[in-house]
Amino acid sequence: MFTNLFQDKKYLLRLYKALHPEDSNVTEEDIKDVTIKHILVDADYNDLGFSIGGRLVILVESQSTWTLNIIIRALMYLIQTYHDFFKRTRQNLYGSKKVNMPKPELYVIFTGEKPKNPPDIISLSKDFFNGEKIAVDAEVKVLYQEDESNIIGQYIIFCKVYNEQRKKHGQTKEAVTETIRICKDRNVLKEYLESKEQEVVDIMMTLFDDEQVLEAYAEDIKNSEARETAERMIRKGKMSLEEIADYVPSLSLEELKELESAIMQLV
C-alpha cells in the first residue's frame with residue numbers, strides 16, 4: 001500500500017513537503033521517480049526513490065520490523081540509484097571532468113513497535129563500527145512519529161491501526177475494512193482511502209494470501225527436514241520409534257511407523 005499511495009505524485013509531493021516544508025515552490029512536475037524496480041528477478045529494490053529538480057535523491061523505505069540492516073540496504077539502493085542516474089544522464093565516470101550528481105537523502109519510515117529510546121538518525125559508522133571514521137558512511141533518518149498533520153505521520157497511524165485490527169480480527173477482510181473505516185473517521189489518509197478503497201482492500205487481501213503461501217512453504221520445509229532427520233535415526237537403528245518421536249516432535253508415532261515400514265521395504 002505504501003508503494004501504491006506514493007505512486008500518485010499528488011501524495012508524493014505531500015511526502016516531500018513533510019520532509020522539506022521550507023521548499024514551498026516545488027510542484028508535481030518537479031518530481032522524478034527513481035525507484036529501483038525489479039519485477040521478474042530476485043534482486044535488490046527499494047520502496048520509493050525520487051529526485052526533485054535534479055538537486056536531491058530521496059530514498060525512502062517503509063519498515064515494520066526494527067533492524068539496523070536498513071542502513072546497508074539503503075546504501076546499496078543509493079549506489080544503484082547513482083549508477084542508473086549516471087547512465088541516464090550519459091555522464092562519463094572515467095573522464096577528467098567532474099560529474100554532476102544529486103545530493104542524497106536517506107529515510108526509513110518505521111511503523112512497528114518502537115524500540116526503547118529510538119534514534120532519530122542511524123548510521124553505518126556509529127551503529128556498525130562504533131563511531132570510527134570509515135571510507136564510506138551512510139546516515140538514515142528514522143521517521144516514526146504518528147502525526148495527523150502530514151502524510152507520513154498519517155501513514156504510520158494507518159499501519160498502527162491495521163496492526164491493532166489484525167490482532168483483533170486476524171488475517172481477515174474485516175480487519176482491513178475496519179482499518180479503513182477507523183482511519184477515514186480520524187481523517188487519516190481519508191482522501192486516498194475514499195478514492196481507492198476497493199484497491200486497498202485487494203492489496204491487503206493479496207498480502208494475506210502471500211503470507212499464507214509463505215507459511216505453507218515454510219511448513220513444508222520444516223516437515224521435509226523432520227522426515228530426513230527421522231529417516232537417518234531410523235536407519236541407524238539405535239533408538240526406538242518412541243525415543244525418535246521425542247527428538248522429532250513434529251512427526252507422530254504413526255507417521256514414524258509408516259516411515260520405518262517404507263525404509264524396510266527399500267532395504
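Okay, this is a quick look at helix H3 and how it sits in the chain.

Before I start: this is a predicted model, so local features need pLDDT of at least 70, side-chain atom pairs count only at pLDDT 80 or more, and totals for chains, interfaces and linings use all residues. Residues are numbered from 1 along each chain as its sequence is written, and side-chain values use heavy atoms, with hydrogens and water left out.

The chain has ten helices and six strands; those are DSSP runs, H or I of at least four residues for helices, E of at least two for strands, numbered from the N terminus. Of its 267 residues, 38% count as buried, meaning under 20% relative accessible area with a 1.4 Å probe, protein chains only, while exposed is over 50% and partly exposed is in between.

Which residues of H3 are buried? Ile-70, Ile-71, Ala-74, Leu-75, Tyr-77, Leu-78, Thr-81, Tyr-82, Phe-85 and Phe-86. They sit on the same side of H3, because they cover an arc of only 165° around the axis, going by directions from the helix axis to the C-beta atoms. What covers them includes strands S3 (56-63), S4 (103-110), S5 (121-123) and S6 (139-143), plus helix H4 (124-128).

How values were computed:
The expected span of a helix is 1.5 Å times one less than its number of residues. Contact means heavy atoms within 4.5 Å.
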